[in-house]
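I opened this notebook to keep a record of what I looked up in one structure, entry by entry. The coordinates and sequence come just below, and my notes follow them.

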Amino acid sequence: MMSKSGKRRKEKSGKRNLAFVQYIVISVLAMLLCSGCGFLGKEEGVQEEAADVKEKVTELMTGEQDDNTIRQSAGISDETIPDLMTGQEGNYNFDCLSEEEKLLYVEILQVLRERGEEVKLSTLDTQKIEKVFQCVLNDHPEIFYVDGYTFTKYTLGEELKKITITGTYLYDEEETRQRQERIEAYASQCLAGIPEGMDEYGKVKYLYEYIINHTEYDADAEDNQNICSVFLYGRSVCQGYAKAFQYLLRETGVFCTIVIGSVSEGEGHAWNLVRIDGDYYYVDPTWGDASYQMEESGESGEYEGEHLPTINYDYLCVTTQQLTRTHKIENVVEPPICTAMEANYYVKEGAYFTSVDEEGLGELFQREYAKGSTYVTLKCSGEEVYRQMEDALIGEQEIFRYLESPDGVIAYADNAEQLSLSFWL
């Protein structure tokens with residue numbers, strides 16, 4: 001509601017955390033004296049009658065009734081809220097919130113699901129709205145059709161009375177439905193390749209490889225901030241990779257959420273947090289795309305085509321310590337400290353070394369030759385082991401004990417940041 005003397009103002013902010021936010025402020029200027037039935041209000045020297053006051057009070061009461069009706073149309077009521085809250089348990093961002101924020105979370109989620117408009121929220125804190133909105137998107141990659149939101153502030157004099165929210169959408173309902181059908185078709189084809197009974201690590205590794213092998217990094221890709229870019233076009237950036245990985249992994253029943261931050265050059269970045277056998281690990285499918293890494297560094301080297309590794313496993317199930325060598329975590333909620341190594345790719349694949357183990361090296365190279373691999377990558381447990389391994393294999397040329405090279409030439413790549421060495425077979 002807005003009185004004749006009220007002012008309506010719109011202000012637009014820039015994009016923050018990939019979400020467009022617009023807010024509208026509506027002021028109601030009225031002076032109410034609740035001494036008996038009398039009312040005295042002055043505006044530009046005109047005295048208002050008591051009947052005018054009753055009308056304004058009636059409008060406010062009617063507004064509250066309308067708010068409840070609108071909330072109910074979005075599936076939000078005292079009766080539905082307990083079940084809505086229970087239904088979100090297990091989502092990482094939701095679980096990290098306070099009770100007040102959890103209520104706001106399910107309100108925003110319902111608004112986006114039902115495409116609600118001007119739905120009254122339970123908070124008057126716009127910073128909480130921004131935080132919780134991002135938490136909702138981080139937990140729900142299937143809400144691919146949302147571009148952001150607008151909120152409206154209602155004030156009585158200088159007092160903020162309520163805030164309502166409306167989602168902003170990339171596509172209408174029909175196009176959203178059509179895209180959802182194509183997404184589900186992609187997911188069905190992808191997930192059909194997972195063998196029955198595969199463990200959690202196996203599912204994470206399978207989907208890591210699948211997304212990398214079926215997606216090309218493209219900064220100009222359409223819809224690159226949501227899952228459509230990967231599932232519909234096969235071209236995306238980090239946000240698309242991470243959300244697609246999250247969407248698919250959750251379909252298998254394995255916990256996964258998205259994490260936001262930046263990388264060494266200060267560029268914004270997104271990756272994933274997974275849980276395998278009760279332990280948390282970081283996974284970065286974008287940086288797992290070796291061709292992306294080559295493109296970013298500008299170093300393709302002499303070994304292209306069939307010799308170029310398609311997947312970099314340095315970012316498959318890593319600890320916080322390993323990740324933060326190259327990534328900076330700036331997430332909306334605090335992620336756990338990841339310390340487990342049991343499901344790390346190199347540990348699982350027998351390519352993790354705590355010393356220069358000649359027997360272990362021999363077994364590793366034999367396995368990769370037997371599989372027909374084009375390259376071998378090994379990882380060291382620390383900087384000292386990495387230096388010893390590099391000195392032994394490269395400096396002292398012990399690599400020729402394991403590598404078949406009739407012409408005495410080897411091709412290799414070293415990654416001091418991730419303490420790994422790769423050799424082309």
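**Conventions and overall surface.** I took accessible areas from the Shrake-Rupley method with a 1.4 Å probe, where for residues only the protein chains shown count as cover. On that basis the chain exposes about 21200 Å², and carbon and sulfur atoms supply 46% of it. I note that this is a predicted model, in which local features need pLDDT of at least 70 and side-chain atom pairs count only at pLDDT 80 or more, while totals for chains, interfaces and linings use all residues. Residues are numbered from 1 along each chain as its sequence is written, and side-chain values use heavy atoms, with hydrogens and water left out.

**Whole chain.** I looked up burial with these cut-offs: buried is under 20% relative accessible area, exposed is over 50%, and partly exposed is in between (1.4 Å probe, protein chains only). Buried residues make up 49% of the 425 residues in the chain. For secondary structure I used DSSP runs numbered from the N terminus, with helices (H or I) of at least four residues and strands (E) of at least two; the chain has 15 helices and 18 strands. Taking a contact as heavy atoms within 4.5 Å, I found that, of the contacts in the chain with a separation of 6 or more, 62% join residues 24 or more positions apart.

**Nonpolar cores.** A core here is a set of buried Ala, Val, Leu, Ile, Met, Phe, Trp, Tyr and Cys residues joined through side-chain atoms within 4.5 Å. The largest one holds 105 residues, and I108, F231, F245 and L378 touch the most other members. Helix α7 (residues 200–214) gives the most to this core, with 8 residues. Apart from it lies another core, of 5 residues, including C238, A242, I258 and I260.

**Aromatic pairs.** I counted rings of Phe, Tyr and Trp (its six-membered ring) as paired if their centres lie within 6.5 Å, with planes under 30 degrees apart called stacked, over 60 edge-to-face and the rest tilted. My search of the whole structure finds 21 aromatic pairs. In one of them the ring centres of Y186 and F231 are 4.7 Å apart with planes at 40°, so the pair is tilted. Because Y186 lies in helix α6 (residues 173–191) and F231 in helix α8 (residues 228–233), this pair ties together parts that are 45 residues apart in sequence. Both Y186 and F231 are buried. I also looked at Y208 and Y313, whose ring centres are 6.2 Å apart with planes at 35°, so this pair is tilted. Y208 sits in helix α7 and Y313 in the loop between α11 (290–297) and β13 (316–318), 105 residues apart; Y208 and Y313 are buried. Y186, Y206, Y210, F231 and Y247 form one aromatic cluster. Leaving aside neighbours within four places in sequence, F231 is in contact with I183, Y186, A244, Y247 and L248.

C190 is placed in helix α6 and counts as buried at 0% relative accessibility. Beyond four places in sequence, C190 is in contact with Y206, L207, Y210 and L248, and its C-alpha atom is separated by 8.2 Å from that of L207, 17 residues apart along the chain. S236 belongs to strand β9 (residues 235–236) and is buried, with a relative accessible area of 0%. Among the contacts of S236 outside four places in sequence I noted T215, Y217, D218, N224 and Y241.

I counted two strands as paired if DSSP finds at least two bridges between them. β15 pairs with strand β16 (residues 375–380) in the parallel sense over 2 bridges, and the bridge partner of Y352 in β16 is K379.
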